[in-house]
Every structure is written in structure tokens, then in C-alpha cells.
Amino acid sequence: MGGVSTQGRDPGLQPERTRLAWRRTTLSSTVAAVLAVRTALHAGVSAAGLAVCALCCALWLGFLWVAHDRIRTLASGPRPAALAPRHATAAVLCAVAMAVCAAVLVV
């Protein structure tokens with residue numbers, strides 16, 4: 001009969017999915033930073049291009065720091081602590097600012 005399962009959910013699955021999501025987002029952020037560096041160097045070296053490229057790399061490092069901290073927290077135990085609002089804000093701001101910097105380099 002198609003009813004609701006009486007077994008509880010596996011608490012290990014959600015942290016694992018979240019950890020993998022952080023890894024995917026970090027990978028896409030890395031690709032965006034590498035493409036920003038490539039675009040800045042390919043279009044001709046200018047002071048403004050280098051400044052935006054350096055900012056993009058700094059934002060990538062900031063996001064990488066937040067993501068690594070979160071991945072470590074998720075691996076620490078069966079019930080990891082919730083993401084702190086300041087870390088969530090930092091991750092969002094780094095991702096959005098890096099997207100803006102990359103768009104400036106492309107245009």
C-alpha cells in the first residue's frame with residue numbers, strides 16, 4: 001500500500017547534499033575567477049582591468065574561505081550547526097560581486 005514510510009529519514013543525506021552543493025558552487029566560482037583572469041589578460045593589460053581582476057580573485061578567495069568553513073562544519077558530525085547569517089551574507093555578497101566584476105571585464 002502506498003503510504004508514508006514509518007522509518008525516519010537518514011540525517012546523513014542532507015548534510016552530504018549540502019556539502020556537494022558547496023563544492024559545485026566553489027567549482028563554478030573558480031571557473032568564473034579563472035575566466036575573469038583570462039579575459040583581463042587577453043584583452044590587453046590595463047590598470048582598470050588588473051584592478052577588477054584582482055578584486056575578482058579576492059572575492060573568490062573570500063567565497064572559498066566561507067565554503068571551506070561550511071564544508072568542514074558539515075563533516076564535523078551527524079547534526080551540523082546551522083549556517084551563520086554573517087557567513088551566508090558573505091557568501092552571497094562574494095558571489096554577486098564576483099559576477100558583477102566578471103561582467104565588467106566582459107563588457
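## Packing of H1 against H3

Helices H1 and H3 cross with a left-handed sense, meaning that the near helix is turned anticlockwise from the far one by less than a right angle (right-handed if clockwise). H1 spans residues 13-42 and H3 residues 85-106; helices are DSSP runs of H or I with at least four residues, strands are runs of E with at least two, and both are numbered from the N terminus. The two axes lie 10 Å apart at an angle of about 30°, where axes are lines fitted to C-alpha atoms over the stretch in contact and angles run from 0 to 180 degrees between N-to-C directions. H1 and H3 are therefore roughly parallel (under 35 degrees; over 145 is roughly antiparallel, 65 to 115 roughly perpendicular, the rest oblique).

On the H1 side, the contact (heavy atoms within 4.5 Å) is made by Trp22, Ser29, Ala33, Ala36, Thr39 and Ala40. H3 contributes Ala91, Met98, Leu105 and Val106. By class, this contact of H1 with H3 holds eight nonpolar residues, two polar residues and no charged ones; Ala, Val, Leu, Ile, Met, Phe, Trp, Tyr, Cys and Pro count as nonpolar, Asp, Glu, Lys and Arg as charged, and the others, Gly among them, as polar.

## Model and overall architecture

This is a predicted model, in which local features need pLDDT of at least 70 and side-chain atom pairs count only at pLDDT 80 or more, while totals for chains, interfaces and linings use all residues. Residues are numbered from 1 along each chain as its sequence is written, and side-chain values use heavy atoms, with hydrogens and water left out.

The chain averages a pLDDT of 82 (the predictor's confidence in each residue, from 0 to 100), and 88% of the residues score at least 70. Three helices and zero strands are present, in the order α-α-α along the sequence. Of the 107 residues, 24% are buried (under 20% relative accessible area; over 50% is exposed, in between partly exposed; 1.4 Å probe, protein chains only). Among contacts between residues at least 6 apart in sequence, 74% join residues at least 24 apart.

## Packing of H2 against H3

The axes of H2 and H3 come within 9 Å and cross at roughly 155°, and the pair is therefore roughly antiparallel. The crossing is left-handed. H2 takes part through Gly49, Val52, Cys53, Leu55, Cys56, Leu59, Trp60, Gly62, Phe63, Trp65, Val66 and Asp69. From H3 come His87, Ala90, Ala91, Cys94, Ala97, Met98, Cys101, Val104 and Leu105. These residues of the contact divide into 17 nonpolar, three polar and one charged.

Pro78 belongs to the loop between H2 and H3. Pro78 is exposed, with a relative accessible area of 69%. Its C-alpha lies 9.8 Å from that of Leu13, although 65 residues separate Pro78 and Leu13 in sequence.

## Packing of H1 against H2

H1 and H2 have axes that come within 9 Å and cross at roughly 165°; the two helices are therefore roughly antiparallel. Their crossing is left-handed. The contact of H1 with H2 comprises 18 nonpolar, six polar and three charged residues.

Ala21 is located in helix H1 and is partly exposed, with a relative accessible area of 27%. Ala21 and Ala67 stand 46 residues apart in sequence, with 9.9 Å between their C-alpha atoms.
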